[in-house]
Amino acid sequence: MEEIKQEIKNVDKKKGKITLGKVAIVLLLLFVVNFFLAFIFTYYVDIDSQISYKTDIERLKGELNSLGEELDSKRQSLDCQPTEEISEKVEVPVEIDFYSQYTEPIKVPQICTDCVIREVGSVLYSSSLPKSFLGLKYLVVTIEVDDEDWGEYTQVLRFLADKTYTNFYLFEDLSDTYGVTLNKDLKYNVEYSPVLQTSILPEDLDDIGHFKSNNNLFFTVGHTTTYYGSQVDVEPFDTYKGIKIYVSKEDPDSYYIKDRENFFVFLVFIPSIAVDIGYDEPYPIIWSDNSENIYNFDYGYDGCGLYELRSSGVDKSELKITGYRIGNKEPIYEYIDTGNTNLRKTYDEDYLQYIYADDEKDSGKPKLTYEEFVTLHPIIFWEDETGRMIMFYNSRFVIRGGCAKPIVYLYPEQETDITVKVIPTTGYLTFTYPKYNDIWEVTANKNGVIKDRSGNSYEYLWWESKSDYLPDMQSGFVVKYENLNIFFDLILTKAGFNHKEIKDFKEYWIPTMVSEYTPYFRISFLQNEAVDTIANLVINPSPDTEIRLFMIYDRLFEKESIPIQEIKTTERNGFVVTEWGGTRR
């Protein structure tokens, strides 16, 4: 039995015995298995990573292509329709060598086809210019615009172009133009913005106050409006340093000179007796009683118009000599008839109603009788170098300015008795014309002629007020100094004003605004009901149409960006009342 147990133990020992060979075999098998599993794992992970990587690359390529297409689209948009990013363009001062002779129009369809294009000069060399500017031509483009919103007007644009007409640089920002249509494929440089350094006016007339012509007449450059040949009918009249001065065939008091772009620019005539005379300085006159003149005179421009000279057309037989100009003894004339209508009107309407009633009465000055009034030279005449008799008003006795801000026009469908009351929302009235006693009681006809109860005729009702409140305008327009004329044409036409009303507005406000140079203006408008924030108009009978516009402007030395204001169009129907006015903030 013991032998059997011992044999079993021996067998068990043999079973459990681990040899070196067995261990080696097991390790080898484990190594092979692990290597195989590692290979399989690495292979599939690598395949997955490659698939993910390739997917990401394709996705990124798609996004880049999409961004590239969007960028190209934006770039094309910038080339044809500049946005605010153009304000980042580099300004390049350029001098132009203007051609001395008129150049015939050329065709450059890359810019526009329904327009007039003239090459009027070329860029002068300067070492500071970018290479791309060397040899460029200076082009002036005139476009007749008939816009559904803005009406008919003339727009002038200026370009620089290379000889092949493939590269263009634009002086004006197209955001300052309205309704202008250029070639839709036109692309111009948006990196550089040329800035003209050469004066467009001949002999640098914009740098002098006035100049003396060959015939000893004095002129100064008028408003910024320019005209090309077909817009004015003129003939040579005088010269200045060899440059022709033209006179209108229709209006002998309107003068022009050609600028270096061959446009006609309006000239304001200055009577030589008034040259270098300040606003309140006395004219150089010795009266017949040997007393020296103490008055300043307004040789004026009629009514609201700054540019329509008040030449009288009076016959010398109606006049008498009452003095002489100091220095050359040119005679000074006055009416023989001291009861002349012009004298009476000046005394009754200007002196009594406004000068005395509003100013002198409160300061304790005694009221002049009519007999005293006519001895103080209220109206005088002087014959200029061309034989034209010019009328001058004594500044003490007349309302200077002759223009309204605001002014009200009345157009009933038939002659109608009308009452008009102005109620300032804040503040108070400081001036009215004709005289206002809490209400105007007038008669008006369909042509806008207004008569008061005394039968005196007026073109409009004029009021001014003092107010401490002006609304804060969040939208409006930023307008270049030289673009004011066309800007007002567009805005007032769109609002519904007629030609005469627009002319009156511009002839008051443009000289007022450009009397002090600033390159830009920020302009906003109160329109129709919004004008009630300044003053209410109470009119009886009630008008069918009211068109009211009140301008608020600021001077800007740098261009800024503001939201564009919407101007509403009001149709004129039935009994129409229009009103315009404005103020500088």
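## Reading features in a predicted model

Trp287 is buried, with a relative accessible area of 5%.

Q: What does buried mean for Trp287?
A: Buried means under 20% relative accessible area, exposed over 50%, and partly exposed in between, with a 1.4 Å probe and protein chains only. Trp287 has 5%, so Trp287 counts as buried.

Q: What should I know about the model and its numbering?
A: This is a predicted model: local features need pLDDT of at least 70, side-chain atom pairs count only at pLDDT 80 or more, and totals for chains, interfaces and linings use all residues. Residues are numbered from 1 along each chain as its sequence is written, and side-chain values use heavy atoms, with hydrogens and water left out.

Q: Where is Trp287, and which residues does Trp287 touch?
A: Helices (H or I, at least four residues) and strands (E, at least two) are DSSP runs, numbered from the N terminus. Trp287 sits in strand 14, residues 285-287. Contact means heavy atoms within 4.5 Å. Not counting residues up to four places away in sequence, Trp287 touches residues including Phe297, Ile332, His377 and Ile380. Arg325 is 38 residues from Trp287 in sequence, and the two are 8.8 Å apart, C-alpha to C-alpha.

Q: Which backbone nitrogen does the side chain of Ser248 reach at 3.2 Å?
A: A polar contact is a pair of N or O atoms within 3.5 Å; within protein, one must be able to donate a hydrogen and the other to accept it, and residues adjacent in sequence count only if both atoms are side-chain atoms. The Ser248 side chain reaches the backbone nitrogen of Glu250 at 3.2 Å. A polar atom of that Ser248 side chain also lies 3.1 Å from the backbone nitrogen of Asp251. Ser248 is in strand 11, residues 243-248, and is buried at 12%.

Q: How many disulfides does the structure hold?
A: A disulfide is a pair of cysteine sulfur atoms within 2.5 Å. The structure holds one. Cys112 and Cys115 form it, with sulfur atoms 2.0 Å apart. The torsion about their S-S bond is about 95°, so the disulfide is right-handed. Cys112 is buried at 7%, and Cys115 is buried at 19%.

Q: In what order do the five strands of the open sheet run?
A: Two strands pair if DSSP finds at least two bridges between them. The order is 25-24-23-21-29, with antiparallel pairing. Strand 25 (457-458) and strand 29 (535-540) are at the edges, each with a single partner strand, so one side of each has no neighbour in the sheet. Strand 24, residues 450-451, pairs with strand 25 over two bridges. Ser457 in strand 25 is the bridge partner of Lys451.
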